[in-house]
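Thank you all for coming; I would like to walk you through one structure this morning, slowly and element by element.

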Amino acid sequence: MRTIDWNEESNSVVLVDQTLLPQEYRVIECKTLSSLCEAIQSLRIRGAPALGAAGGFGIALAASLSSAKDIESIMRDLKVAAKALKSTRPTAVNLSWGVDRVLNAVSDAFDVQGIRDIALQEARDIAEEDVETNKLIGKHGAKLLKDGDTVLTHCNAGRLACVDWGTALGVVRSAIADGKEIKVLACETRPLNQGSRITTWELMQDKIPVTLIADSMAGWAMRQGLVNSVLVGADRITQDVVFNKIGTYTHSVLAREHEIPFYVAAPISTFDFKGWEGSIKIEMRNPDELRFAGCEQIAPKDVPVYNPAFDATPMENVTALITERGVFYPPILLDEVLV
Ligand code: MRU
């Protein structure tokens, strides 16, 4: 199934619970807005494009649950829902984008049922378009990979971070579909191990060759000549930087030092045309994510912890941005991406 979808029978958002992978593949139902917010906050659903769909379906869910009888009241309910959804994760711009897109769409409705119908249709469109967008990103990006390449990736920018196919891993999938042999080096991505738990699992499901490394091994792997390019996704792209999972910046510096191309694959919905590095709030997460590995305590209980979820890679370190509209090389004027 897709990473996230709408269940017609139960009027709920269904999603793959990614906190359980790789031990268990379980689909859960979110029937209330608070359960969806909890799923986003605890990373049961994660990855920028999947969060865009979650934002859209979240507003559709709030519309379906609202008992309002008039347009003003249901719009009030939707605005409360929008605020709750957006506050779950502040850095990935797609979440707000998905929420706002559905909110804008319902402004055309004439009655309460119209709002419900339009909200659900718009959320479904977001999900549908995400798959098409990723296929286009894959098509454009595949041209940058050569037969026999090994790609280093960080976190999970695959089908589980999107509705389907993936951004960075979508490029790998497309290159393989074009007949190229591509191998992936997956960084484990401490502290929540999206690389070791999710990227390796989804690539192995598709029989795409993948080797797991600890994050600290990336530089040495590059020096050993084991990496042809670095390929990552993004949570927000501003004029000056690319926000992505913590650790991405380090890989960009290492890639530059080793003269290895550093590619970022992301849909236009990840672009923040008004923001810049200093204007964006980086999500700080629970210190226990570092003090524990799963249930096992691996650091003193009360050790002070610094746990930002994302970092910002300067555009100077980016070789190219791969989008559904094509490949863009710095200096990138975001206005040109929109044309
Ligand atoms: O905290 P996460 O797991 O939501 O972080 C995800 C990432 O950083 C991904 O690389 C990014 O969202 C791109 S997903 C196509």
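This is a predicted model: local features need pLDDT of at least 70, side-chain atom pairs count only at pLDDT 80 or more; totals for chains, interfaces and linings use all residues.

Let me begin with the open sheet of seven strands, whose order is 6-5-4-7-10-14-15 and whose pairing is mixed. When I say that two strands pair, I mean that DSSP finds at least two bridges between them, and the helices (H or I, at least four residues) and strands (E, at least two) are DSSP runs, numbered from the N terminus. At the edges of this sheet are strand 6 and strand 15, residues 326-328, each of which pairs on one side only. From one strand to the next the twist averages 25 degrees, and for angles of this kind the axes are lines fitted to C-alpha atoms, for helices over the stretch in contact, with values that run from 0 to 180 degrees between N-to-C directions.

Residues are numbered from 1 along each chain as its sequence is written.

Contact here means that the C-beta atoms of two residues, placed from the backbone, lie within 7 Å. Helix 5, residues 112-142, lies across strand 10, strand 14 and strand 15, and runs at about 140 degrees to strand 14.

How buried is helix 7? Nine of its 12 residues are buried, so helix 7 is largely enclosed by the rest of the structure. A residue is called buried if 20 or more other C-beta atoms lie within 10 Å of its own, exposed if 12 or fewer, and partly exposed in between, with C-beta atoms placed from the backbone. Among the buried residues of helix 7 are Arg197, Ile198, Glu202 and Leu203, and what covers the buried residues includes strand 4, strand 5, strand 6 and strand 9. As for its length, the expected span of a helix is 1.5 Å times one less than its number of residues, and for helix 7, residues 194-205, that gives 16 Å, which agrees with the 16 Å between its end C-alpha atoms. Helix 7 is followed by Lys207, whose phi is positive, near 60 degrees.

Let me turn to another open sheet, which has three strands in the order 8-9-13 with antiparallel pairing. Its edge strands are strand 8, residues 236-237, and strand 13, each pairing on one side only. Strand 9 and strand 13 run antiparallel and are joined by five bridges, and Val241 stands opposite Pro314 in strand 13. Across strand 9 and strand 13 lies helix 9, residues 248-257, running at about 30 degrees to strand 13.

Leu15 of strand 2 stands opposite Ile4, while in strand 3 the bridge partner of Leu15 is Ile28.

Which residues are closest to the ligand? Of the 19 residues that surround the ligand, the closest are Arg46, Ala157, Ala161, Gly233 and Lys245, where a residue is near a molecule if its C-beta atom, placed from the backbone, lies within 6 Å of it. Helix 2 and strand 9 each supply at least two residues of this shell.

Finally, two loop residues. Val303 is found in the loop between strand 12 and strand 13, and counts as exposed because 9 C-beta neighbours are inside 10 Å. Leu144, in the loop between helix 5 and strand 4, is partly exposed, with 19 other C-beta atoms within 10 Å.
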